[in-house]
Amino acid sequence: MNGYSVEQVRTLEQRAMSALPDGVLMQRAAAGLTAILAAELVRRRGGVYGARVLIMVGPGNNGGDALYAGARLARRGASVTALRCVGTPHAAGLAALQAAGGVVTELADPGRPASTSWTVDLAVDGIFGIGGRPGLPDPVAELAVSLQASGVPVVAVDLPSGVECDTGAVPAASFHAVRTVTFGAMKICHLVEPARSRCGELDLVDIGLDLSGGQPTLTAAEESMLASSWPFPDERSNKYTRGVVGIDTGSDAYPGAGILSTHGAVYAGAGMVRFLGPAAAAQVIRAELPNVVFAPGRVQARLFGSGWGERPDGARVIAEALESELPSVVDADGLRYLPPRLPPSWLLTPHAGELARLLDGDRAEVEADPIGAVRAGADLTGATVLLKGATQLVARPGTSEVQVAIPGPAWTGQAGSGDVLAGVCATLLAAGKRADAAAVLGASLQAVTAASVPGPLPPHELARHFARVLGALESRAPDRCGRKDLWTH
Ligand SMILES: NC(=O)C1=CN([C@@H]2O[C@H](COP(=O)(O)OP(=O)(O)OC[C@H]3O[C@@H](n4cnc5c(N)ncnc54)[C@H](OP(=O)(O)O)[C@@H]3O)[C@@H](O)[C@H]2O)[C@@H](O)CC1
Ligand SMILES: [K+]
């Protein structure tokens, strides 16, 4: 499942339209939309006949899709009302709806019943699609609120009006859909929070766009990829083939970070973990994880920074690690001590605030355009960057591709999740995974595991469930000897 920008989708649509008679793509979209709306009505009330459907329309082709679908539902016996919300609706779509027996009313019409009295079975948001600007005109924003207050389910056409298609930002009012029916290709707002949550369930209708040959803006991880790309041990494995992780995290002020990142590394399956952080953390780790080693020695990847706080020798520690040419993860406070340039084999794991500091900007800018920000972070530092948060994005320097990890339940946004994740990523680096693969696999494992337990659980307890999830994934993994894919680096 990949995400495409508006510009990319417009190009794909133009290419398809140039080989087809006028209006064919819209009819394909409307046919697919109708089937999904009908199924929704069957699920909610047992059938289409007699259902009351409100089609909310704006001035563009998004409204055209909705009106043609409304016409098809009207022909199947639904009572369909088109509500003109903004501008002049798609003329042919409106005529089709009226010819099928649908009625038309205006949002601004004083004769229309009060907005709090919505008694429809389903409302269809055909106000703005990929031509939408973020936010809604005031009367439409009020309509969205009143529908939600009335408990009317909204199905969005292509995307919930009000969200920003290319960033996933929701800077002002938007619709909250129970389902979003999109056409030809997924858009960025379907994959990136907070817009993603406004979409509800997603349906992708095939309208015949040819996606081959084009590079999507976002490549989304799926469980099948996690299963095929995780470095599961085999009969030839030993602690060095699985990877030794050297961890220098935590501080006397924040010993918990050291304990949490070590849990992440151990339970993700490191061959061996050397903990080289403060004594306060070491004492607890020794009691809980007797397999951890506390003496310096050979390591294959390092982890720095989680819970460091002020670390006067931080810049020196990181500079020395850079000389060793081993891949490393730098998390949290360690991000304050970076040299000007790092190799792509290093993985930085900032949250939005930390990435903003790296970019010398503010958090709101990162949140307004997380894809742009994660790319900028990779280009600025030379390292691979995992931007943590409700949507976890990974950028590799020198490429435009951004990957998105499998999303997890909202409760994983809690103190300590990032420390555990940094430990998981370090284990994957030590096992030989490229930094971007380590980031996507690590973040996805944590999300899939969280979705498999009755949460919330504290992050180190969640880590103890990795083994069960990895076991289930391994049983579904294809023959890894013959298989190469995106993350088999
Ligand atoms: N192309 C194809 O092949 C296919 C396309 N398909 C469908 O078409 C949809 C795209 O259609 P579209 O390009 O007509 O744009 P759409 O979003 O309907 O409306 C743009 C209009 O809204 C206005 N407007 C926007 N935001 C506003 C705001 N906040 N407040 C006020 N006004 C605002 C905007 O005004 P402007 O920004 O120009 O001032 C402009 O007039 C796509 O999502 C899919 O559903 C499918 O049928 C498959 C085939
Ligand atoms: K819409």
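Residues are numbered from 1 along each chain as its sequence is written, while chains are lettered from A and ligands numbered from 1 in the order in which they are written.

How confident is the predictor? Its confidence in each residue, from 0 to 100, is called pLDDT. The protein averages 94, and 96% of the residues score at least 70. Over residues 481–489, though, the pLDDT is below 50, and this stretch has 16 contacts beyond near neighbours in sequence; two residues are in contact if their C-beta atoms, placed from the backbone, lie within 7 Å. Where pLDDT is low, the predicted coordinates should not be read in detail. The model also scores ipTM 0.98 and pTM 0.93.

Now look at ligand 1. There are 24 residues around it, and G60, N61, N62, G129 and G131 come nearest (a residue is near if its C-beta atom, placed from the backbone, lies within 6 Å). Helices α1 (6–18), α2 (24–45) and α3 (61–75) each give two or more residues to this shell; helices are DSSP runs (H or I, at least four residues), numbered from the N terminus. The shell divides into twelve nonpolar, eight polar and four charged residues. Here Ala, Val, Leu, Ile, Met, Phe, Trp, Tyr, Cys and Pro count as nonpolar, Asp, Glu, Lys and Arg as charged, and the others, Gly among them, as polar.

Two of those helices also meet: α2 and α3 pack at about 55°, with their axes 8 Å apart. Axes are lines fitted to C-alpha atoms over the stretch in contact, and angles run from 0 to 180 degrees between N-to-C directions. That makes α2 oblique to α3. Among the residues making the contact are L33 and L37 of α2 and Y68 and L73 of α3. By class, this contact has nine nonpolar, four polar and two charged residues.

Another pair is α9 (residues 255–267) and α15 (residues 417–430), whose axes come within 6 Å and cross at roughly 40°. These helices are therefore oblique to each other. Their contact includes L260 and H263 of α9 and L421 and V424 of α15, with eight nonpolar, six polar and one charged residues overall.

Definitions and conventions: This is a predicted model: local features need pLDDT of at least 70, side-chain atom pairs count only at pLDDT 80 or more; totals for chains, interfaces and linings use all residues. pLDDT is the predictor's confidence in each residue, from 0 to 100. Angles under 35 degrees count as roughly parallel, over 145 as roughly antiparallel, 65 to 115 as roughly perpendicular and the rest as oblique.
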